[in-house]
Amino acid sequence: MKSGFLKRLAIVLTFLAAVAVLSGGLWRYAYLQALDQLALQGQADLALASDRLVGQLQRYRQMAVLLADHPVVEALAAGGDVQAATDLFLAAADKTAALDVMFLDTAGRLMAAAHAPPGLDLSATPYVKRAGHGALGWAHGSSTPLEGRAFYYAAPSFAADGRVRGSLVVAADLSAIEDAWRGGLRAVFFTDPAGRVIVSNRSELVDWTRLPGAPGLEPPAGQAPPFDSYETGGHEVWQLGWGPYLPRNALHLTQALPVIGLTGEVLMDVAPARRLALLQAAALAGLFLAFGAVLFLVTERRRTLARLNTELEDRVARRTAALSEINEALRAEAEERAQAQVALARAQADLAQAGKLSALGKMSAGISHELNQPLMAIRSFAENAVQFMERGQPQKAADNLARISDMARRMGRIIKNLRAFSMQQSEPVKQVDLAAVLDSSIEMIAGRAAAMEVAVHYDPPPGPVWVRGGEVRLGQVFANLITNALDAMADAPVRRLSIDLSAGDPVRIEVRDTGPGVEAPEKVFDPFYSTKEVGASEGMGLGLSISYGIIQGFGGEIRVRNTDAGACFTVELRPWQQQVAA
């Protein structure tokens, strides 16, 4: 057992050593790759900063060239008004933020300037000498008594015969240029050929100089701060201790700017590259360690799983037998529930049919009156027709027979509506004339309404109103609503039934009565809810629930609200839209 433990320990240690080597190699590779990317970004930032500095200095170069040929300068060179030239130079310096603008004669002595003191002699400066030879001169530093660091452009001013008659010098304020881009994300500085920092977005680096024959910088006075450097992957990295605004480890990049005689340099913080490399190495190490841990656990658990396998199979066999018994019981219960659902659907259909037959029972007195009256009229018209025939008056007999035919059609229509209302059937959604359905429903209860002395107010539309639905089921809904309205007005002193039909989208029907209203409108469409007394034979509380389901099935809405006079049921149905083939 001890030998097996030592063997597993050796394997684990070997695996950890391999992970360490691989992670170190990945860190090295990722670090160099990140330095390459950082170098590309640094070159782009340095190029942008260099272009910005050159562009800002070029404005003063162009100003020197343009002012050299200005008429006031020409007049000054010819011995003209010095004050006019001074005013011109002062205005130009103020507008361009130049440190100074001045004009020198061919000997390099000051003739007029915006700020320089009189008697200034710049004949010894290289840029003035170059301008005196007819070329554009430039330099930087503090070669004049002016305060601040400056960059000078000297442009020659030519006479009409082509000879140089003087030099116009523009001094650009480097401090003002720095103020526009100081505090940037990267530490950028520009050095002259002597290695002195002329311009930088880190003010603490200005006037530092490069170490002789070695990388790095040193301050103009005082003890040199900590510094070290090394090269890795072809990149130069400086290790600094120069304050909180400079990176401790920085990638050093340079770019020559011959157009202004400076060298641009940038310090890119390598901490993000190290963090990225460390993160990738840690991710690889974590992945291998996780894989090794899983592999170790799997190996260790295989023996345990082999031992537990037999025990598990026995448990599964016992549990399978128990589950089989439970499944049989659930299957039997599901069959019982299915049978119960079928019985419930059948009972609901029977209850709905019973509700319709109950409504027919309530309408029986009015229906008997509606059928008895035409029968008596038919008998009377038939006897009169016989007498007219005996008297030789066939025209009058024919009129009576026509009236008998009208009465028979009326009776047939009433019986048809009763048969359709009492039938237990289903029908598909189709195009239905809602006006005709309402006419049939009102005609069915006309006898009962007359017996109860109910005033029915209904203005039928001039033409058909087509909706989506079923003719028989919509007739059942409106017959139920009208019958309920008549029931509600049984004890009302004023009995008025108002039915309004308005076409549109949706089509709206309102059935209003003058009864006591609905006690609980939010429950009126619940099954077995009824406002009638318990045990009363007038209803079972299913009529409105069935009506609600019918209207919902047609994609419509049915709701109830109480008014000042009674209850108002509103039915909204979708209008029929003819499908046109493309």
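This is a predicted model: local features need pLDDT of at least 70, side-chain atom pairs count only at pLDDT 80 or more; totals for chains, interfaces and linings use all residues.

Q: Fine. How many helices and strands are there in the protein?
A: The protein has eleven helices and 20 strands.

Q: And how much of the protein is buried?
A: Of the 582 residues, 38% are buried. The protein exposes about 32,500 Å², and 57% of that area comes from carbon and sulfur atoms.

Q: What share of the contacts is between residues at least 24 apart?
A: Taking contacts between residues at least 6 apart in sequence, 59% join residues at least 24 apart.

Q: On to the inside. How many residues does the largest nonpolar core have, and which have the most contacts in it?
A: The largest nonpolar core has 52 residues. Those with the most contacts inside it are Leu-57, Phe-89, Val-101, Leu-168, Phe-190 and Ile-260.

Q: Which helix gives the most to this core?
A: Helix α1, residues 2-68, gives the most, with 16 residues.

Q: What does Leu-57 touch?
A: Setting aside residues up to four places away in sequence, Leu-57 touches Phe-151, Tyr-153, Ala-172, Leu-174, Ile-177 and Ile-260. Ile-260 is also among the residues with the most contacts inside the largest core.

Q: What is in the second core?
A: The second core is separate and has 41 residues, including Met-452, Ile-509, Val-524 and Phe-554.

Q: Switching to rings. How many aromatic pairs are there?
A: The count comes to three aromatic pairs. One of them joins Tyr-127 and Tyr-152: the ring centres are 5.2 Å apart and the planes are at 5°, so this pair is stacked.

Q: Where do Tyr-127 and Tyr-152 lie?
A: Tyr-127 is in helix α4 (residues 126-132) and Tyr-152 is in strand β4 (residues 150-158), so the pair ties together parts 25 residues apart in sequence.

Q: Is Tyr-127 buried or exposed? And Tyr-152, buried or exposed?
A: Tyr-127 is buried, because its relative accessibility is 1% and the limit for buried is under 20%. Tyr-152 has a relative accessibility of 1% and counts as buried too.

Q: What about the rings of Trp-138 and Phe-151, how far apart are their centres?
A: The centres are 6.2 Å apart and the planes are at 10°, so Trp-138 and Phe-151 are stacked. Trp-138 sits in strand β3 (residues 137-141) and Phe-151 in strand β4, 13 residues apart.

Q: How covered are those two?
A: Phe-151 is buried, at 0% relative accessibility. Trp-138 is partly exposed, with a relative accessible area of 34%.

Q: Which residues do ring pairs link into a cluster?
A: Trp-138, Phe-151 and Tyr-153 form a cluster linked by ring pairs. Phe-151 and Tyr-153 are also among the residues that Leu-57 touches.

Q: New topic. How do β6 and β7 pair?
A: Strand β6 (residues 187-191) and strand β7 (residues 197-200) pair in the antiparallel sense, over three bridges. Phe-190 stands opposite Val-199, which is in β7. The two strands form a hairpin with five residues between them, and Gly-195 in the turn has a positive phi of about 90°.

Q: Where does Asp-87 lie?
A: Asp-87 is in helix α3, residues 82-96. Asp-87 is partly exposed, with a relative accessible area of 41%. Asp-87 and Ala-114 are 27 residues apart in sequence, yet their C-alpha atoms are 7.3 Å apart.

Q: And Ser-441, buried or exposed?
A: Ser-441 is buried, with a relative accessible area of 2%. It is found in helix α9 (residues 434-451). Apart from neighbours within four places in sequence, Ser-441 is in contact with Gly-475, Phe-478, Ala-479 and Ile-482.

Q: What span should helix α10 have?
A: Helix α10, residues 471-488, has 18 residues and should span 26 Å at 1.5 Å a residue; its end C-alpha atoms are 26 Å apart, which agrees. The helix is mostly covered, with 14 of its 18 residues buried.

Q: Last one. Which residues of α11 are buried, and what covers them?
A: In helix α11 (residues 543-553), Leu-544, Ser-545, Ser-547, Ile-550 and Ile-551 are buried. Their cover includes α10, β19 (557-562) and β20 (567-573). After α11 comes Gly-555, with a positive phi near 80°.

How values were computed:
Residues are numbered from 1 along each chain as its sequence is written. Side-chain values use heavy atoms; hydrogens and water are left out. Helices (H or I, at least four residues) and strands (E, at least two) are DSSP runs, numbered from the N terminus. Buried means under 20% relative accessible area, exposed over 50%, partly exposed in between (1.4 Å probe, protein chains only). Two strands pair if DSSP finds at least two bridges between them. Rings of Phe, Tyr and Trp (its six-membered ring) pair if their centres lie within 6.5 Å; planes under 30 degrees apart count as stacked, over 60 as edge-to-face and the rest as tilted. Contact means heavy atoms within 4.5 Å. Accessible areas come from the Shrake-Rupley method with a 1.4 Å probe; for residues, only the protein chains shown count as cover. A nonpolar core is a set of buried Ala, Val, Leu, Ile, Met, Phe, Trp, Tyr and Cys residues joined through side-chain atoms within 4.5 Å. The expected span of a helix is 1.5 Å times one less than its number of residues.
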